[in-house]
Amino acid sequence: MMSAAISAIVACTAAAQPKTIEDGVYTVEQADAGQELFEQRCSSCHNADFYRGTFSNRNNQPLAYLFEEILVTMPADLPGSMMDSEYESILAHILQLTGYPAGDAPLDYASGTMHTVNIVPPKD
Ligand code: HEC
């Protein structure tokens, strides 16, 4: 059995471990919900390879930074024109499209959790 001191250290290490976008940070339902909007509002200017490049360029940055950038600047022809929940489902769809796994909880910007999730480059 572990001593209390050792189990406390183990618990701290686990809490400090940053999550990444490989850890299932969106749900399949959310990604599916974003597909139509993504195709209507984003596909005319970017393809999946563009987003793979974005994730590579933003290696180690919090996912919240990318979300905020998209929220404020995209779609370039009508920035900020959607609700946060729509941008969340679009980002979920982009994560799915570029090969990151889905998980149990949806992306939720207002909860602040996107600040604790780091971007890692896509596995090709
Ligand atoms: C009318 C064309 C157009 C549309 C539509 C559009 N974008 Fe963009 N997007 C751009 C341009 C131009 C840039 C900046 C130049 C570049 O990086 O190619 C850009 C940049 C980006 C970036 C890179 C941001 C960065 O700093 O890493 C992302 C991600 C992105 N767009 C996502 C989206 C999403 C999501 C949508 C749909 C909601 C969307 N774009 C719709 C033209 C567009």
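## Buried or exposed?

A residue counts as buried if 20 or more other C-beta atoms lie within 10 Å of its own, and as exposed if 12 or fewer do. Keep that rule in mind as we look around this predicted model.

## Two sides of helix α4

Let's start with α4, which runs over 63-73. Which of its residues are buried? They are Leu 63, Leu 66 and Phe 67. Seen down the axis of α4, these buried residues fall within an arc of 100°, so they line one face of the helix.

## Around the ligand

Helix α4 turns up again here. The ligand is surrounded by 14 residues, and the closest are Cys 42, Cys 45, Met 74, Pro 75 and Ala 76. The elements giving two or more residues to this shell are α3 (48-57) and α4 (63-73). Sorted by class, the shell holds seven nonpolar, four polar and three charged residues.

## A look at Asp 23

Now find the loop between β1 (19-20) and α2 (28-41), where Asp 23 lies. Is Asp 23 buried, exposed or partly exposed? Asp 23 counts as partly exposed because it has 14 C-beta neighbours inside 10 Å.

Asp 23 and Pro 101 are 78 residues apart along the chain, yet their C-alpha atoms are separated by 7.0 Å.

Methods:
Residues are numbered from 1 along each chain as its sequence is written. This is a predicted model: local features need pLDDT of at least 70, side-chain atom pairs count only at pLDDT 80 or more; totals for chains, interfaces and linings use all residues. A residue is near a molecule or strand if its C-beta atom, placed from the backbone, lies within 6 Å of it. Helices (H or I, at least four residues) and strands (E, at least two) are DSSP runs, numbered from the N terminus. Ala, Val, Leu, Ile, Met, Phe, Trp, Tyr, Cys and Pro count as nonpolar, Asp, Glu, Lys and Arg as charged, and the others, Gly among them, as polar. The arc is that of the directions from the helix axis to the C-beta atoms.
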